[in-house]
Amino acid sequence: MPYNTKQQQAVLACLAAKREGCITALELVEDLRRQGFSVGLTTVYRQLERLEQAGHIHKINMEDGACYQYCAHPSGDCFLFKCERCGRILHPDCAQLAALYAHLEQAHHFSINPRKTMLYGLCDLCAEAEPDTAEPGNNKTVEMKDLP
């Protein structure tokens, strides 16, 4: 980041404080104002764009708009996990996917953008909460009499 302003530092600090959360630009404005910063929505969007380009945050496009999340490893080789049950988004630090990316590029002539890669499944907390339904291929049949 060649040009680092107080507003940019404040936006990044706000996102870093919510490491495992995803926050919208409007929520960021509200949080920053509560912290005493006089900042507008346009300014926040501009800072978010710069922080994303520098690799410090992820922009996550959702069905109802975009949200942003802090990235602790701006090297560019990260990816995201999204829990389909609770919606939590995680940044695993795993070098194993580099081999998959290389394979896809060499064998299938397709280059993955790891900064925009999101894998969907169940997080450990949701998988532990319902172990019967968390196992792949477990199609548990529920009869109407079993429902509350």
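Arginine 34 and aspartate 31 sit three residues apart in helix H2, about one turn of the helix. Helices (H or I, at least four residues) and strands (E, at least two) are DSSP runs, numbered from the N terminus. This is a predicted model: local features need pLDDT of at least 70, side-chain atom pairs count only at pLDDT 80 or more, and totals for chains, interfaces and linings use all residues. Residues are numbered from 1 along each chain as its sequence is written, and side-chain values use heavy atoms, with hydrogens and water left out.

**Salt bridges**

- A search of the whole structure finds four salt bridges. A salt bridge is a side-chain nitrogen of Lys or Arg within 4 Å of a carboxyl oxygen of Asp or Glu.
- Arginine 34 forms one of them with aspartate 31, with the closest N and O atoms 2.3 Å apart.
- Aspartate 31 also forms a salt bridge with lysine 18, and here the closest N and O atoms are 3.2 Å apart. Aspartate 31 lies in helix H2 and lysine 18 in the loop between H1 and H2, so this pair ties together parts that are 13 residues apart in sequence.
- Lysine 18 is partly exposed at 35%. Arginine 34 is exposed at 62%. Buried means under 20% relative accessible area, exposed over 50%, and partly exposed in between (1.4 Å probe, protein chains only).
- Glutamate 52 and lysine 116 also meet in a salt bridge through their side chains (3.7 Å, N to O). This pair links distant parts of the chain: glutamate 52 is in helix H3 (residues 41-53) and lysine 116 in the loop between helix H4 (96-108) and E5, 64 residues apart.
- Glutamate 52 is partly exposed, with a relative accessible area of 24%. Lysine 116 is exposed, at 59%.

**Cysteines**

- The structure holds one disulfide. A disulfide is a pair of cysteine sulfur atoms within 2.5 Å.
- Which cysteines does the disulfide join? Cysteine 22 is joined to cysteine 67, with S to S at 1.7 Å.
- Cysteine 22 lies in the loop between H1 and helix H2 (25-34), and cysteine 67 in strand E2 (residues 65-70), so the pair ties together parts that are 45 residues apart in sequence.
- The torsion about the S-S bond is about 85 degrees, so the disulfide is right-handed.
- Cysteine 22 is partly exposed, with a relative accessible area of 30%. Cysteine 67 is buried, at 8%.
- Cysteine 83 has its closest cysteine sulfur in cysteine 126, 3.6 Å away, and that is too far for a bond. Cysteine 83 is buried, at 3% relative accessibility.
- Cysteine 71 also counts as buried, at 1% relative accessibility.

**The largest pocket**

- The largest pocket has a volume of about 150 Å³. On a 1 Å grid over the protein atoms alone, a pocket is an open set of points where a 1.4 Å probe fits, with protein on both sides within 12 Å along at least five of seven lines. Grid points are joined across faces, edges and corners, and a volume is the space filled by probe spheres set on the points.
- Lining residues have an atom within 4 Å of a point. The lining consists of His58, Lys59, Ile60, Asn61, Met62, Leu80, Arg115, Lys116, Met118 and Tyr120.
- Strand E1 (57-62) and strand E5 (118-121) each supply at least two residues of this lining. E1 gives the most, with five residues.
- The lining divides into five nonpolar, two polar and three charged residues. Ala, Val, Leu, Ile, Met, Phe, Trp, Tyr, Cys and Pro count as nonpolar, Asp, Glu, Lys and Arg as charged, and the others, Gly among them, as polar.

**Two single residues**

- Threonine 5 is found in the segment before helix H1 (6-17). Threonine 5 is buried, with a relative accessible area of 16%.
- A polar atom of the side chain of threonine 5 lies 3.0 Å from the backbone nitrogen of glutamine 8.
- Histidine 109 has a positive phi of about 55 degrees although it is not a glycine. Most residues other than glycine have a negative phi.
- Where is histidine 109 placed? Histidine 109 is in the loop between H4 and E5. Histidine 109 is exposed, with a relative accessible area of 70%.

Conventions:
Polar contact = N/O pair within 3.5 Å; in protein donor to acceptor, adjacent residues only side chain to side chain.
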